[in-house]
Amino acid sequence: MALNAPVLVLKDSLKRESGARVQHGNIQAAKGVADIIRTTLGPRSMLKMLLDASGGIVVTNDGNAILRELDIAHPAAKSMIELSRTQDEEVGDGTTSVIVLAGEMLHVAQVFIDRNYHPTVICRAYTKALEDAIAVLDKIAIPVDVNDHASMLGLVKSCISTKFTSQFGDLIADLAIDATTTVGVDLGQGMREVDIKKYIKVEKVPGGQLEDSKVLKGVMFNKDIVAPGKMRRKIINPRIMLLDSPLEYKKGENQTNAELMKEEDWEVLLKMEEEYIENLCAQILKFKPDLVITEKGLSDLACHFLSKAGVTAIRRLRKTDNNRIAKACGATIVNRPEELQESDIGTRAGLFEVKKFGDEFFAFIVDCQDPKACTVLLRGASKDLLNEVERNLQDAMAVARNILKNPKLLPGGGATELTVSASLKQKSSSVEGIEKWPYEAAAVAFEAIPRTLAQNCGLNVIRTMTQLQGKHANAENAWVGIDGCTGEMVDMKDRKIWDSYNVKAQTFKTAIEAACMLLRIDDIVSGIKKKQAPGAGAAQKPTIEQEGDADNEQMIPE
């Protein structure tokens, strides 16, 4: 046993060294991703011009929009890009902050990996730091009245002040608040459900000015009526019927052959088709609708019967658009015309109208009473401008939704991170054992956000950070931070620079949990077959990367 002991120690040492190299590779990859979008944090940040897969150009400073266009081979870097997507889907804002913070958390952990700290120890310290950070957020958060339009407007404006559209003043914030309050549904006990994906549609129509953009009290969609000239294009207080079935003769499920012996049989067959469609239309006309909308086809004969009765029809509408119309006008989507009831007719719409923008027709169902779905109509000079405005509007709507769901505010401008950092530094003295040092390093990592803001404002970073740390260390004021526009150190309450509680809490959780996950990886196994020349031997088994191979670009072929 004594003879084997040195061999075991050597193997253990090599294994640990190999794991450390993989972790170094992961940390470098994560830092690389963070450095790409570091300059896009803050209101005076840089823009990135991207060439997308189809050859188009995207100009944006939105973290998620930039990262999803990148084609990166390293698996740790891919994992970092996923963070941004998760943040965007969950809360819609903070996509840049989460990457910068995760990159910094990994960067400060590198020293401890070099000193042979076990990754589990570092992760334990980080998890404890996260719990204490969330406790600090709860302590400094202040409630907000969601019915006060002015405070809501100020909050949404400060959250999107880093975006391209901040130069257009209150416009985007107003649109976002109007849209989200329109579709919000009370669940009781102070809870609200706001589904911005299902019930808010953003329609981009090139032309006009950005100031012409508005939230419709109803919906619009890119469709014209079936028979222009025969059907009305404007109806006041329409009775709307929504169908999910075709208004044409039923086709057989399988291929059907009919053998006709006499010429009269052919006429009988045609007569049967006509009678079937006539019965369908009779069942519909029994309820005296003004507008019939179906997701399926509508035959010429059905069109004739409907137009004869003075009914306007629209066919082949998208399912999602049909759902929005149902929410807006109070109609119910019916699968079979035989099952129609008076309660299925939508009567809450004030006006149906078809308008022409450029070469295309758009149908409007507007002036609805208490609509629970809406359309945001965006006008602008070019498609590129409209695409960027839409991205900013989605972020603004996500912020407004977060406030409606959890009406709490936190200071912006890096003040929250500085307060959390100062609190954790004080608490680190009470942490026992070797976890004390990674815990203190996590506290320092939170300062990456205000430091990056100062850099992007063109300030003297060292002097600014020293002054801010001094103010927060003495616990003078938890709301002192950097005004990203002017670069001044001010009270965030006075400048109305806020952040949503949900966004900040999600940023901290996502960044620290992702850093812990990447630190606990000690081997990268490539299960992808390498491309072989024709006639080469059997495919190789998956290989375990060793030593410095974790950084090797050839590991995952593009």
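**Close-up views of a predicted model**

**View 1. A salt bridge joins K504 and E417 through their side chains, with an N to O distance of 3.1 Å.** A salt bridge is defined here as a side-chain nitrogen of Lys or Arg within 4 Å of a carboxyl oxygen of Asp or Glu. The partners belong to distant parts of the chain, K504 to helix 18 (residues 501–519) and E417 to helix 13 (residues 415–427), 87 residues apart. Helices (H or I, at least four residues) and strands (E, at least two) are DSSP runs, numbered from the N terminus. Both K504 and E417 are buried; the term buried denotes under 20% relative accessible area, exposed over 50%, and partly exposed the range in between (1.4 Å probe, protein chains only). The model is predicted: local features require pLDDT of at least 70 and side-chain atom pairs count only at pLDDT 80 or more, whereas totals for chains, interfaces and linings use all residues. Residues are numbered from 1 along each chain as its sequence is written, and side-chain values use heavy atoms, with hydrogens and water left out.

**View 2. E104 and R451 form a salt bridge through their side chains, at 3.0 Å from N to O.** Because E104 lies in helix 4 (residues 95–114) and R451 in helix 15 (residues 448–457), the pair ties together parts that are 347 residues apart in sequence. E104 counts as buried, at 9% relative accessibility, whereas R451 is partly exposed, with a relative accessible area of 25%. The structure holds 26 salt bridges. Side chains of opposite charge can pair when their charged atoms come close.

**View 3. Strand 16 (residues 374–380) is mostly covered, 7 of its 7 residues being buried.** In a regular strand, side chains alternate between the two faces of the sheet. On one side of strand 16 lie C374, V376, L378 and G380, on the other T375, L377 and R379, and all are buried. Strand 7 (residues 214–216) pairs with strand 16 in the antiparallel sense over 3 bridges, with K214 opposite L377. Two strands are taken to pair if DSSP finds at least two bridges between them.

**View 4. K204 forms a salt bridge with E390, the closest N and O atoms being 2.9 Å apart.** E390 lies in helix 12 and K204 in strand 6 (residues 200–206), so the pair ties together parts that are 186 residues apart in sequence. K204 is partly exposed, with a relative accessible area of 31%. Helix 12 (residues 383–405) also contains N392, which counts as buried at 0% relative accessibility. N392 and I172 are 220 residues apart in sequence, while their C-alpha atoms are 7.8 Å apart in space.

**View 5. An open sheet of 4 strands has the order 12-11-10-13, with parallel pairing.** Strand 12 (312–314) and strand 13 (333–334) are the edge strands, each pairing on one side only. Strand 10 (residues 240–243) and strand 11 (residues 291–294) run parallel and are joined by 4 bridges. I240 stands opposite L291 in strand 11.

**View 6. Strand 1 and strand 2 form a hairpin with 5 residues between them.** Strand 1 (residues 48–51) pairs with strand 2 (residues 57–60) in the antiparallel sense over 4 bridges. The bridge partner of K48 is T60 in strand 2. In the turn, G55 has a positive phi of about 95 degrees.

**View 7. E273, E274, E275 and E278 gather in a patch of negative charge on the surface.** Patches comprise residues with over 30% relative accessible area and no salt bridge, like charges being joined within 9 Å and nonpolar side chains (Val, Leu, Ile, Met, Phe, Trp, Tyr) within 5 Å. Asp and Glu count as negative, Lys and Arg as positive; His and the chain ends are not counted. The place of a charge is taken as NZ of Lys, CZ of Arg, CG of Asp or CD of Glu. E275 is found in helix 9 (residues 263–285) and is partly exposed, with a relative accessible area of 41%.

**View 8. Y249, L260, W266, V268, L269, L270 and M272 make a nonpolar surface patch of about 590 Å².** Accessible areas come from the Shrake-Rupley method with a 1.4 Å probe; for residues, only the protein chains shown count as cover. W266 is found in helix 9 and is partly exposed, with a relative accessible area of 46%.
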